[in-house]
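These are my notebook entries on one structure, written for someone who has not seen it before. I put down what I looked up, in the order I looked.

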Amino acid sequence: MNIIIQATLRNLENTRNILSFLSNEQLSAASIPPYYSSVGSHIRHILDFYDCILVESVALDLTSRKRNMDVETNCKIALNYYKVVIEKIKALEGTDLNRIVYVTDDLGLGKTEIKYTFSGLLAQATSHTIHHYAIISYIFEGLDIKVLNDSFGYNPTTPKSKSIN
C-alpha cells in the first residue's frame with residue numbers, strides 16, 4: 001500500500017478511537033476557552049476536508065465542504081461519516097496520486113486556485129488532521145478526558161520532550 005495512504009489511514013484511526021469512547025455530550029461540549037469549540041466540530045472539519053478532496057475531479061473546492069452539523073453532536077453519525085471517508089481513502093490504492101489537481105481555497109484574501117499533486121494535497125490533509133488533533137487534545141485537557149496516547153496531536157517530526165515517548 002502507498003505510504004501516503006497508509007499514513008493517512010493510520011492517522012485517522014485516532015478519529016475512530018475518539019468516537020468509540022466519547023459520549024455525545026463530550027463530543028459536543030463547547031465550554032473550553034478561548035475558542036469554545038467542541039471535539040465534534042474538529043472531527044467534522046477533519047472529515048469534511050477529506051470528503052471534499054476525495055472526489056473524482058481535477059478541480060476541488062475546499063470552500064464548499066459539507067459541514068453536516070449532526071457530525072458534531074452525534075458519535076454514531078460521526079462514526080458513519082468516518083467509515084465513508086476511510087473507504088474512499090482505501091479506494092485510492094492503485095490510482096495515480098501524482099496527478100495534478102486544482103484546489104480552490106480562501107487563504108484570507110478571497111478565493112484562489114492552487115495547483116497541487118493529489119499526493120501533496122493528501123499529505124497536507126494528514127498534517128492538517130494532526131493540527132486539529134492537537135486542538136482536540138487541549139479540549140480533552142479542559143474536559144478532564146484522558147488523552148489517547150502520548151503522541152496524540154503531535155506531528156511525527158516534532159521533537160519529543162523526555163516525558164513523551
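**Entry 1: a pair within a helix.** I began with E87 and K90, whose side chains meet in a salt bridge at 4.0 Å, N to O. I take a salt bridge to be a side-chain nitrogen of Lys or Arg within 4 Å of a carboxyl oxygen of Asp or Glu. E87 and K90 are three residues apart in helix α4, and are therefore separated by about one helical turn. An α-helix has 3.6 residues a turn, so residues three or four places apart point the same way. I then looked up K90 and found it partly exposed, at 41% relative accessibility. Buried means under 20% relative accessible area, exposed over 50%, and partly exposed in between, with a 1.4 Å probe and protein chains only.

**Entry 2: ground rules.** The model is predicted, so local features need pLDDT of at least 70 and side-chain atom pairs count only at pLDDT 80 or more, while totals for chains, interfaces and linings use all residues. Residues are numbered from 1 along each chain as its sequence is written, and side-chain values use heavy atoms, with hydrogens and water left out. Helices (H or I, at least four residues) and strands (E, at least two) are DSSP runs, numbered from the N terminus.

**Entry 3: the other salt bridges.** I noted that the structure holds six salt bridges. One of them joins E72 to R44, with the closest N and O atoms 2.6 Å apart. E72 sits in the loop between β1 and α4 and R44 in helix α3, so this pair ties together parts that are 28 residues apart in sequence. Both E72 and R44 are buried; for E72 the relative accessible area is 12%. R44, D48 and E72 are linked in a network of salt bridges.

I also listed what E72 touches, leaving out residues up to four places away in sequence: L27, S28, S38, G40, S41 and R44. Contact here means heavy atoms within 4.5 Å.

Next I looked up K66 and D51, which form a salt bridge with their closest N and O atoms 3.4 Å apart. K66 lies in the loop between β1 and α4 and D51 in helix α3, so the pair ties together parts that are 15 residues apart in sequence. Which of the two is exposed and which is buried? K66 is exposed, with a relative accessible area of 56%, whereas D51 counts as buried at 7% relative accessibility.

**Entry 4: helix α3.** Helix α3 has 15 residues and reaches 22 Å from its first C-alpha to its last, close to the 21 Å expected at 1.5 Å a residue. The expected span is 1.5 Å times one less than the number of residues. I found α3 mostly covered, with 15 of its 15 residues buried.

**Entry 5: helix α1.** Helix α1 covers residues 3-21, and its 19 residues should span 27 Å; the end C-alpha atoms are 28 Å apart, which agrees. Its buried residues are I5, T8, L9, N11, L12, N14, T15, I18 and L19. They pack against α2 (24-28), α3 (39-53), α4 (75-90) and α5 (118-143). At the start of α1, a side-chain oxygen of N2 reaches to within 2.7 Å of the backbone nitrogen of I4.

**Entry 6: the sheet.** What is the order of the strands in the open sheet? The three strands run β1-β2-β3, with mixed pairing. β1 (59-61) and β3 (111-117) stand at the edges with a single partner strand each, so one side of each is left without a neighbour in the sheet. The twist averages 25° from one strand to the next. Two strands pair if DSSP finds at least two bridges between them. β1 and β2 (residues 100-106) pair in the parallel sense over three bridges, and in β2 the bridge partner of A59 is Y102. Helix α5 packs on the sheet, touching β1, β2 and β3, and its direction makes about 110° with that of β3. For such angles, axes are lines fitted to C-alpha atoms, for helices over the stretch in contact, and the angles run from 0 to 180 degrees between N-to-C directions.

**Entry 7: S119.** S119 counts as buried at 10% relative accessibility. Leaving out residues up to four places away in sequence, S119 touches I4, L97 and N98. S119 and M69 are 50 residues apart in sequence and 28 Å apart in space, C-alpha to C-alpha.

Definitions and conventions. A polar contact is a pair of N or O atoms within 3.5 Å; within protein, one must be able to donate a hydrogen and the other to accept it, and residues adjacent in sequence count only if both atoms are side-chain atoms.
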